[in-house]
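Here are a few quick notes for you after a look through the model. They start with a single side chain and then step back to the whole chain.

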Amino acid sequence: MMKLSDVTLILEKIAPPELAEDWDNVGLVAGDYQQPIRKIMLTIDLTKAVLAQAQGNKVDLIICYHPPIWQPMKQVVAGRGDSPLLYQAIRSGIALYALHTALDTVVGGINDELARLVGITAPQPLRSQSADMEQMRKLVVFVPVNYLDRVSEAIFAAGAGNIGPEGKYTKCSFRVRGTGTFQGGGASRPAIGKRGKFEQVEECRLETIVPKGLTKSVVEAMIAAHPYEEVAYDIYPLIAPPSTVGLGRFGELTSPVPVPYLIQKIKRALKIKTVAVIGPTGGLVRRAAVGAGSCGSLLREVIARSCDFYLTGELKHHHALELSEAGVTTVCAGHSHSERFILPRLAQQLRRECKNIKVLLSSKDRDPFNWY
């Protein structure tokens, strides 16, 4: 019999948690890793109706697309605050696991499926995760060996050396020893050696990563901790390598299609009767973009990529205006409508990989809006 730990390993391969956005809360939300798993239920959201169905079907694990916990919680109490569903699930012995942006960004995930639905060939991320590197700088400084700890700690305290989401790794650096040389002139006051004498000092080349916005404060902290009058250091911009993971997708269609045809195709595939349309409703679609859920934040990328069509779940009013002014035909299918179609595909994959476990789709999971 498979345990929860076995199932989470499978889920982490399908949608690696490290691919999720920094602000997201994916992975195991509640549960005992040693708990036997016999029955799994998939849902977009954890609601009263979904939980009641899981309890009635004696489900051991609910896999949610949206995390049941968004904000830090101080209490898990029945009937109070924002935790009653979590309390009931734990009391019923039901584990909870969230996928969200880990499933959005991964190759073969929800946005790749949306891209396939629209007809995009060779889809690429609208916002590559590696693009975050372009907001970083590499700091290189040469430090006398005896001052290495003092200088490095000052740099780290100022915000350098953090790699990964939410400071997963801190105080990251690379160090190699060598020989530094200098000769101080008449106005110099060398911290090591004598003025007018050629000096050779055992130094360390210290390299670390610095957020672009903290560069000035990190350099000031480094200089304050460094013993030299004139500190030798370099700052390098970083260029992101190509990446196949990230939010949204865009690309050319196999062949141009009329806007009305593509809208009807989307409605059939997502099994919905109505959508909201922004921008031109005629013409041909040659290059399209997709972003499941609420992806108005990607509109600048959509426009910059010269896309003439964008499929997403929902938009804020000012995002809709900007896309309309840019002449991009945009289809809002409804937040959860743009996501729910992935659940049957995920269920099939889990049935193949989770032996002797029954995988169900919640029949009570539904969009909170009624569409007329």
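**Notes on Asp 365 and the overall fold**

1. The side chains of Asp 365 and Thr 43 are joined by a polar contact of 3.2 Å. Bear in mind that this is a predicted model.

2. Asp 365 has a second polar neighbor to look at: a polar atom of its side chain sits 3.5 Å from the backbone nitrogen of Asp 45.

3. Where is Asp 365 in the chain? You'll find Asp 365 in the segment after strand S16, which covers 358-361.

4. Is Asp 365 buried or exposed? Its relative accessible area is 9%, so Asp 365 counts as buried, the cut-off being under 20%.

5. Leaving aside residues up to four places away in sequence, Asp 365 touches Thr 43, Ile 44, Asp 45, Val 50, Arg 340 and Leu 343.

6. Zooming out, the chain has 12 helices and 16 strands. Among contacts with a separation of 6 or more, 72% are between residues 24 or more positions apart.

7. On overall shape, the radius of gyration is 27 Å, whereas a compact globule of 372 residues would come in near 21 Å. The C-alpha trace spans about 85 × 55 × 40 Å along its principal axes.

8. As for burial and surface, 48% of the 372 residues count as buried. The chain exposes about 19300 Å², with 52% of that supplied by carbon and sulfur atoms.

9. Last, charges: the chain has 44 positive and 36 negative ones, and their mean positions are 7 Å apart.

Key
Residues numbered from 1 in each chain as written. Predicted model: local features only at pLDDT ≥ 70, side-chain atom pairs only at ≥ 80, totals over all residues. Heavy atoms only, no water. Helix = DSSP H or I, 4+ residues; strand = E, 2+ residues; numbered from the N terminus. Buried < 20%, exposed > 50% of the residue type's maximum accessible area, 1.4 Å probe, protein only. Polar contact = N/O pair within 3.5 Å; in protein donor to acceptor, adjacent residues only side chain to side chain. Contact = heavy atoms within 4.5 Å. Rg over C-alpha atoms; globule rule 2.2 N^0.38 Å. Areas by Shrake-Rupley, 256 points an atom, 1.4 Å probe, with all protein chains shown as cover. Lys, Arg positive; Asp, Glu negative; His and termini not counted. Charge placed at Lys NZ, Arg CZ, Asp CG, Glu CD.
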